[in-house]
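The sequence and model are shown first.

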Amino acid sequence: MLFRSDPPTISAPSTVSSPSSSVTFASALGNSITVEDLDLGTNVVQVTILVTNGDFTLTTTTNLVFTSGSGTHDGLMTFTGTLAEVNAAFDGATYASNGSATGAIAIQVNDLGATGSGGPQIVQAEIVVQTLGISNSHGTSVIVLPNNNPANSNNSIPLISAEIGRAHV
């Protein structure tokens, strides 16, 4: 009798905020992204990352095999690797905003049915990213703050922004 395959798991924060235009994910920072699979052994998983309003860069691409993207400044990437290789790639990975204050990182992990019965096991996670310091096309920083104007009749929260220019000496 063949045992049923355990699905992989993704540990990641559901929301992160940053005062700059990028976010680094690392165990040392307490916001790591990790993948586990109890019965995978040394088999590989397939990871797909889809980013909205920014791009994603892995810390390392050593021994990862890419079918989409390169692991550097990608909005979409798909690759395979062992759990150790995937977790090394995530530890220190960065999200960089494309100028929007809110973005998202969708991560899908497929164990490719490597062990047990039941075929491939697939899990997904999403991280909402809020960046407060957004770079604009002029290379200056933009800080977005809520506009708490009580005269706002439609109950939306409009945003105001202030551009911080470069000092000229």
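## Aromatic pairs

F66 is partly exposed, at a relative accessible area of 22% (buried means under 20%, exposed over 50%, partly exposed in between, with a 1.4 Å probe and protein chains only). The model is predicted: local features need pLDDT of at least 70, side-chain atom pairs count only at pLDDT 80 or more, and totals for chains, interfaces and linings use all residues. Residues are numbered from 1 along each chain as its sequence is written, and side-chain values use heavy atoms, leaving out hydrogens and water.

Rings of Phe, Tyr and Trp (its six-membered ring) pair if their centres lie within 6.5 Å; planes under 30 degrees apart are stacked, over 60 edge-to-face, and the rest tilted. The count is three aromatic pairs. F56 and F90 pair edge-to-face, with 6.4 Å between centres and 65° between planes. F56 belongs to strand β6 and F90 to helix α1 (residues 83–90), so this pair ties together parts 34 residues apart in sequence. F56 is buried at 0%, and F90 is also buried at 0%. Ring pairs join F25, F56 and F90 in a cluster.

## Strand pairing

Helices (H or I, at least four residues) and strands (E, at least two) are DSSP runs numbered from the N terminus. Strands pair if DSSP finds at least two bridges between them. An open, antiparallel sheet has the order β3-β9-β6. β3 (22–25) and β6 (54–57) are at its edges with a single partner strand each, so one side of each lacks a neighbour in the sheet. Four bridges join β3 to β9 (residues 93–97), and T24 is opposite T94.
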